[in-house]
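Here are my notes on the pockets and the ligand. Please read them with the model open.

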Amino acid sequence: MGLTRIPGLLFGGDYNPEQWPEEVWQEDVRLMAEAGVNLVTVAVFSWSRLEPAPGVYDFGWLDRVLDLLHAHGIAVDLATATATPPPWLVRTHPEVQPVDAGGTRLEFGSRQGYCPSSPVFRAATVRLARAMAERYRAHPALAMWHISNEYADHTAECYCAESARDFRRWLQARHRSLDGLNAAWGTSCWGQHYTDWTQVEPPRKAPGPVNPAQLLDWRRFSSDALLACFEAERAVLKEVTPDVPVTTNFMSVLRDLDYWSWAAAEDVVTDDAYPDPADPRAEVKAALSYDLMRSLKRQPWLLLESAPSAVSWRAVNVPKDPGVMRLHSLQALAHGSDGVMFFQWRQARYGPEKFHSAMLPHGGTGTRQWRETLALGADVRRLAEVAGTTTAAEVALLLDWDSWWGLEAPESMPSDRLRLHDLLLSWYAPLHSRGVAVDLAPPGRDLSGYRLVIAPNLYLCTAGHAAALAAFPGQLLVGPFSGVVDAADQVHDGGAPGPLRELLGVRVEEWRPLPDGVTQEVLTTTGALLTARTWTEWLDTCGDTEVLARYRGGPLHGRPAVTRRGAATYLSCLPEDPSPLLDDLLAAAGVTGVTGPGLPADVEACRRGPYLFLLNHGTDPATVPLPAGTGFTDLLTGRPLPGGPVTVGPRDAVVLKPRPTTP
Ligand code: GLA
């Protein structure tokens, strides 16, 4: 079965009918049907309209919307409407509004302002979720539940007194005793020893750097506090409508929430992705986030929101050139999405998002935007058979939120230039350009299905992580500044890479971060010259560890830079271009790109089930040297193609389905 009971791929967007007179709804559903829309997300910000006073509901308008949509064959991803608490709740209970790290309680007048730990807020959301579930449990348009909206957007954490109480409860469960907390937080440093739980507070704005262990627990807690909000609503929905899938929309590669634990709590992973058309690396970053979404539950996911053209929340909101909306949408499908959805259906006339693009723009149906919306709907229908198919990746990049949070603690690291997203991209980008399928994986997972595993950074590394990596039989690469601290952010005895020392056969004596603009040469034993930036290390090898590359010049001259013990490679620096190392690892692992060598620079190649997506992000035609033999049909055009090279037009794509060979 697909993500929902709707056959084929999903196509649609956020629909905010409460912003429009009812006559407009008629035109909306007519045009949706014309565009092939089969799913819309409704009621995301409707709490104040659905519950205008405590316990008093006005469902009439939403009933009419759902009936109308259903009558036109359009299903609904129905929000529980709890994303923005209504004014009456905020004014009668000001404590539901969040407080920032500086102690300021944030005002009403925007959206998604709530304290995740507020029992009043949670109870009110659960009451509304129950009312929604009971009202619409049997509505034939209901295809999926959408809880809240983009958790951690606007408010990722709240520093109020209620949150402090909740934080203490969370800490008591984790550390058991105050002694345990003092030990884990290393409070002997800087005179922070606590003698009573009431003295423990969130890491509010302080005169200097806050305790990084406290901050790490705070980030864990803040992710869990929001997850508890999600789970409270989910429990009600599952009780009333056990068969309706439940989701909440993720925000791509987001630091604030541990999406491994979040994904486990939902039925369907959905994502909101807004690659910046002005960013030359937009497609690579998007591909990374899509592969993360596919990996979270190892099943198809859904692009629930994307921009048809410009967004409205960047300093400069560059629109998408003709054809780019289509190409970016096909890219999400190539990476495992079972549909293409947008924010939003009809462009707003008022509010902060009135200049955000929409499927149906201010100018109406006589516009390029609308023509592209119609054409994309037709393309999505042509690709219906892709729904539900999966991707087999032989390479995994490790991503661990604890480690990410620890690595990016402010004001206490050897360099604040190590940013996990950049480190992931530094490996993801060259894999992507080679057409190699990549999964993301948490470090403790069974990795035996992969041939190559890359940990760009594992700053926080437990014995469990190390054991999982040691048990992995394939090629492994561990990046610099890994194995540094334990789960409490305390440095491993004997130095890095801590529990990975035996596996990697190295010991780091000294971190040597490089100032901005300074480079360090690294020469491999095969003669390749790499240029490192940002980070180097003084490394010792032990026993049978082989040196694959050495630093050249400077204080590290002649010292090991890249090492190997068995199938485990350690990289102590950050090469600008790790290609020579990567190519050796791929060869050793026996991994090739899905089209083999020679993929043109601007072309992205992804295999999904039997389908081969070739996406040309460039502005010139590009030819992909596919082997002769199997013939294909391009699902987008119905065109039969013989085996051999395939030319893809500028900003165009083909979706190739192998044709059965005649005996
Ligand atoms: C996010 C939100 C939407 C909207 C869009 C605009 O995805 O969920 O409500 O604000 O951003 O890009």
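**Pockets and ligand site**

1. This is a predicted model. Three elements each supply at least two residues of the lining of the largest pocket: helix H2 (47–50), strand S7 (270–273) and helix H10 (282–297). H10 gives the most, with four residues.

2. The largest pocket has a volume of about 1,400 Å³. Its lining counts 47 residues. Nearest the centre lie Arg111, Glu150, Asp153, His154 and Glu353. By class, the lining has 19 nonpolar, 15 polar and 13 charged residues.

3. For Asn149, an N or O atom in the side chain is 2.9 Å from a ligand oxygen. For Asp272, the distance from a polar side-chain atom to a ligand oxygen is 3.3 Å. On its own, the ligand has 310 Å² of accessible area, and the protein covers 98% of that.

4. The second largest pocket holds about 450 Å³ of space. It is lined by 24 residues. Pro280, Arg281, Ala282, Glu283 and His617 lie nearest its centre. The lining has eleven nonpolar, five polar and eight charged residues.

5. H10 also supplies at least two residues to the lining of the second largest pocket. So do helix H11 (324–334), helix H14 (420–433) and strand S22 (603–608).

Terms used: Residues are numbered from 1 along each chain as its sequence is written. This is a predicted model: local features need pLDDT of at least 70, side-chain atom pairs count only at pLDDT 80 or more; totals for chains, interfaces and linings use all residues. Side-chain values use heavy atoms; hydrogens and water are left out. On a 1 Å grid over the protein atoms alone, a cavity is a set of points where a 1.4 Å probe fits but cannot get out, and a pocket is an open set with protein on both sides within 12 Å along at least five of seven lines; lining residues have an atom within 4 Å of a point. Grid points are joined across faces, edges and corners, and a volume is the space filled by probe spheres set on the points. Ala, Val, Leu, Ile, Met, Phe, Trp, Tyr, Cys and Pro count as nonpolar, Asp, Glu, Lys and Arg as charged, and the others, Gly among them, as polar. A polar contact is a pair of N or O atoms within 3.5 Å; within protein, one must be able to donate a hydrogen and the other to accept it, and residues adjacent in sequence count only if both atoms are side-chain atoms. Accessible areas come from the Shrake-Rupley method with a 1.4 Å probe; for residues, only the protein chains shown count as cover.
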